[in-house]
Amino acid sequence: MRCRLCGKKAIYKELRFCEEHFTSYFDKKVKKVLSNPLFKDKKLLVALSGGKDSSALLFSLAKLVENEEIDFSLKKVEALYIELGISGYSESNLKASKELCNSLSINLNVVNLSDENGVSVDSVSKKSRKVCSECGVLKRYLINRFAFESGFDFVLTGHNIDDELFFAFHNLINGNLNYLARSGKITPTDNEKKLVGRVKPLYYVSEKETAIYCLINNVPFSREKCPYSKNNAQIEMKSKIPLLLDSKSKKISFLKHLNKLKKYFPLEEENSVEKCERCGFPTTTKICKFCRIIEKNK
Ligand SMILES: [Zn+2]
Ligand SMILES: [Zn+2]
């Protein structure tokens with residue numbers, strides 16, 4: 001099969017692109033989101049896990065800035081790695097994150113869950129049957145807190161279209177319409193509530209596409225699988241979504257139409273988001289989930 005733009009050998013059959021045109025297709029997707037004037041002169045923090053998605057995002061972003069395709073300074077872009085303490089897994093993710101940031105001359109911040117709280121995901125796993133969802137809570141909390149306390153305007157994450165579809169189905173099935181209403185490509189910053197806005201530049205990019213991007217551009221990333229992901233409901237559901245949404249265009253169409261419906265979803269009363277009595281960060285209960293998980297596992 002040949003590239004539909006230049007006739008060279010196509011490496012991505014779904015869209016019929018050669019290496020070069022696949023890379024520029026991917027970079028354009030990232031550019032489209034980040035060209036929003038909302039991000040001009042803002043301090044951006046890329047949440048880096050060491051995996052393929054966030055690594056592809058940071059690589060693409062750095063390249064777009066360097067080629068002056070998006071108008072902001074790399075001085076205002078930093079990365080954050082959360083050391084969660086998962087033995088046999090965290091080490092290689094941190095190594096890949098360091099390698100990538102060194103090669104792009106981007107400052108990598110590291111926040112260590114157990115240094116500050118005396119709890120690691122390994123220790124949480126011994127007491128919890130929901131280690132993946134608790135790990136998610138810990139990670140999101142630490143990313144937001146670091147970003148807020150360090151004065152970043154937005155956090156950029158590597159969530160892709162397959163993550164978003166899982167999120168949509170999961171929340172629809174469980175009736176979490178509030179979560180769904182707040183999700184999307186860009187969520188705003190709310191300094192009053194100590195919530196830093198989130199941006200997902202890979203919103204319309206698939207998991208497979210980020211893997212191809214990393215491989216053809218030699219982006220360093222960790223291939224290690226999380227030891228706790230074996231019984232992960234997310235992986236199971238993700239494997240079933242393509243049975244129904246069996247092409248990229250159907251996936252995009254589903255999300256676009258769901259987003260149009262969002263305005264009809266009920267949003268919790270504004271005042272139901274309060275400050276955690278322990279840490280002061282937002283919660284809908286007296287004590288936030290992060291503080292409760294730490295308490296339970298100390
Ligand atoms: Zn081509
Ligand atoms: Zn708290």
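Visitor: At what angle do helix α2 and helix α3 pack, and how far apart are their axes?

Guide: An axis here is a line fitted to C-alpha atoms, for helices over the stretch in contact, and angles run from 0 to 180 degrees between N-to-C directions. In this predicted model, local features need pLDDT of at least 70 and side-chain atom pairs count only at pLDDT 80 or more, whereas totals for chains, interfaces and linings use all residues. Residues are numbered from 1 along each chain as its sequence is written, while chains are lettered from A and ligands numbered from 1 in the order in which they are written. Helix α2 (residues 52-66) and helix α3 (residues 90-104) pack at about 5 degrees, with 11 Å between their axes. That makes α2 roughly parallel to α3, since angles under 35 degrees count as roughly parallel, over 145 as roughly antiparallel, 65 to 115 as roughly perpendicular and the rest as oblique.

Visitor: Which residues in α2 and α3 meet?

Guide: Two residues are in contact if their C-beta atoms, placed from the backbone, lie within 7 Å. From α2 come Ser 55, Leu 58, Phe 59 and Ala 62, and they meet Ala 96, Leu 100 and Leu 104 of α3. The residues of this contact divide into 6 nonpolar, 1 polar and no charged, where Ala, Val, Leu, Ile, Met, Phe, Trp, Tyr, Cys and Pro count as nonpolar, Asp, Glu, Lys and Arg as charged, and the others, Gly among them, as polar. As for the spacing along a helix, an α-helix has 3.6 residues a turn, so residues three or four places apart point the same way.

Visitor: How do α1 and α2 pack?

Guide: Helix α1 (residues 19-34) and α2 have axes 10 Å apart and pack at an angle of about 75 degrees, and the two are therefore roughly perpendicular to each other. On the α1 side the contact holds Phe 26, Asp 27, Val 30, Lys 31 and Leu 34, which meet Leu 57, Ser 60, Leu 61, Lys 63 and Leu 64 in α2. Sorted by type, the residues of the contact of α1 with α2 are 6 nonpolar, 1 polar and 3 charged.

Visitor: How many of the residues of α2 are buried, and what covers them?

Guide: A residue is buried if 20 or more other C-beta atoms lie within 10 Å of its own, exposed if 12 or fewer, and partly exposed in between. By that count 12 of the 15 residues of α2 are buried, and the helix is mostly covered; among the buried ones are Lys 52, Asp 53, Phe 59 and Leu 64. The cover includes α1, β1 (44-47), β2 (77-83), α3, β4 (154-156) and α9 (207-216). From its first C-alpha to its last α2 reaches 21 Å, close to the 21 Å expected at 1.5 Å a residue, the expected span being 1.5 Å times one less than the number of residues. Just after α2, Glu 68 takes a positive phi of about 55 degrees.

Visitor: Is α10 largely in the open or covered?

Guide: The number of buried residues among the 12 of α10 is 0, so this helix lies largely in the open. Its end C-alpha atoms are 18 Å apart, which agrees with the 16 Å that its 12 residues should span at 1.5 Å a residue. Helix α6 (residues 131-149), with 19 residues, reaches 27 Å, close to the 27 Å expected, and its buried residues include Val 131, Glu 134, Leu 138 and Ala 147. Just after α6, Gly 151 has a positive phi of about 75 degrees.

Visitor: Where are Lys 194 and Asn 218 found?

Guide: Lys 194 sits in the loop between β5 (186-187) and β6 (197-199), and its phi is near 60 degrees, a positive value in a residue other than glycine. It counts as partly exposed, with 18 C-beta neighbours inside 10 Å. Asn 218 lies in the loop between α9 and α10 (233-244) and has a positive phi of about 50 degrees although it is not a glycine. Asn 218 is exposed, with 8 other C-beta atoms within 10 Å.

Visitor: How many helices and strands does the protein have?

Guide: Counting DSSP runs from the N terminus (helices are H or I, at least four residues; strands are E, at least two), the protein has 12 helices and 8 strands. Its radius of gyration is 19 Å, close to the 19 Å that the globule rule gives for 298 residues, so it is as compact as a globular protein of that length; the radius is taken over C-alpha atoms, and the rule is 2.2 Å times the number of residues to the power 0.38. Of the 298 residues, 33% count as buried.
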